[in-house]
Amino acid sequence: QRVTHVGPITIGDTSYETDVALHFDDTRDSYHLCVPLNGWLQSRHRGQQLTSTTALGSIYRPDAEIATTWWPGGSRHLAVKIDQGAVERALEALVGNPVDSPIAFEAPLPLKAGAARDWLRLLLMVHRQLDGSDGLIRHSVVLEPLAETLIHGFLLAANHPYREALAAPAEPGRPAAVREAMDLIEAGAHVPMTTSTLAMQC
């Protein structure tokens, strides 16, 4: 098992030699994703029987149990955990309104096309790059924006009630807000800063 951390995101590259079954508590503070790299996995969540494959991942909300009923030996999966608060704050900043907690993500996540395919490629690239002890990606000025990008990408790739709001064209920035953002960037050039951070301060 190999585990890396990207801010509020934990990525585990995991496999077992023999078939296993696992059960996770129904009180968690994160959204979980199962992304098979080879093989498959059967699980139960919120009364649904789910089968995760290399073409179809699974999203698990933090308000219900996760029971892995069959993890075949030799199957290799990315187990991704994203802090609940980080996901919900990011979505609120993007849509400009409060959102329900937890977010009602649909459990199936198709992986072979569109935004989800690109998001998975980015996730794997970041996971591999973090193996190096002195790589550029370990610097906070690079890592923090990447963490935000991964969360935003997840919100664009997954199905949930706010997808239409995310797809709506963004309103033009107000000149005063743009000037304020530029002042913040110039004053804090040495500080890691993301678009969400700027949005909250402007």
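User: Happy to start with the pairing: which residue in S6 is the bridge partner of Ser-43?

Analyst: In this predicted model, Ser-43 has Leu-50 as its bridge partner in S6.

User: What makes S5 and S6 a pair of strands?

Analyst: Pairing takes at least two bridges. Strand S5 (residues 41-45) is joined to S6 by five bridges, so the two count as paired. They run antiparallel.

User: Why is one side of S3 and of S6 left without a neighbour in the sheet?

Analyst: The four strands follow the order S3-S8-S5-S6 in an open sheet, with antiparallel pairing. Strand S3 (20-24) and strand S6 (48-52) are at its edges with a single partner strand each, so one side of each has no neighbour there. From one strand to the next, the twist averages 20°.

User: Nice. Now Arg-61: why is this residue called buried?

Analyst: The cut-off for buried is under 20% relative accessible area. Arg-61 has 12% relative accessibility, so Arg-61 counts as buried. Arg-61 sits in the loop between strand S7 (56-60) and strand S8 (66-71).

User: Which residues are in contact with Arg-61, leaving aside neighbours within four places in sequence?

Analyst: Among them are Arg-28, Tyr-31, His-45 and Ala-104. Ala-104 is 43 residues from Arg-61 in sequence, yet their C-alpha atoms are 7.6 Å apart.

User: And what makes the link between the side chains of Arg-61 and Asp-63 a polar contact?

Analyst: The distance limit is 3.5 Å between N or O atoms. The side chains of Arg-61 and Asp-63 are joined at 3.0 Å, so the pair is within that limit.

Conventions
Residues are numbered from 1 along each chain as its sequence is written. This is a predicted model: local features need pLDDT of at least 70, side-chain atom pairs count only at pLDDT 80 or more; totals for chains, interfaces and linings use all residues. Side-chain values use heavy atoms; hydrogens and water are left out. Axes are lines fitted to C-alpha atoms, for helices over the stretch in contact, and angles run from 0 to 180 degrees between N-to-C directions. Buried means under 20% relative accessible area, exposed over 50%, partly exposed in between (1.4 Å probe, protein chains only). Contact means heavy atoms within 4.5 Å. A polar contact is a pair of N or O atoms within 3.5 Å; within protein, one must be able to donate a hydrogen and the other to accept it, and residues adjacent in sequence count only if both atoms are side-chain atoms.
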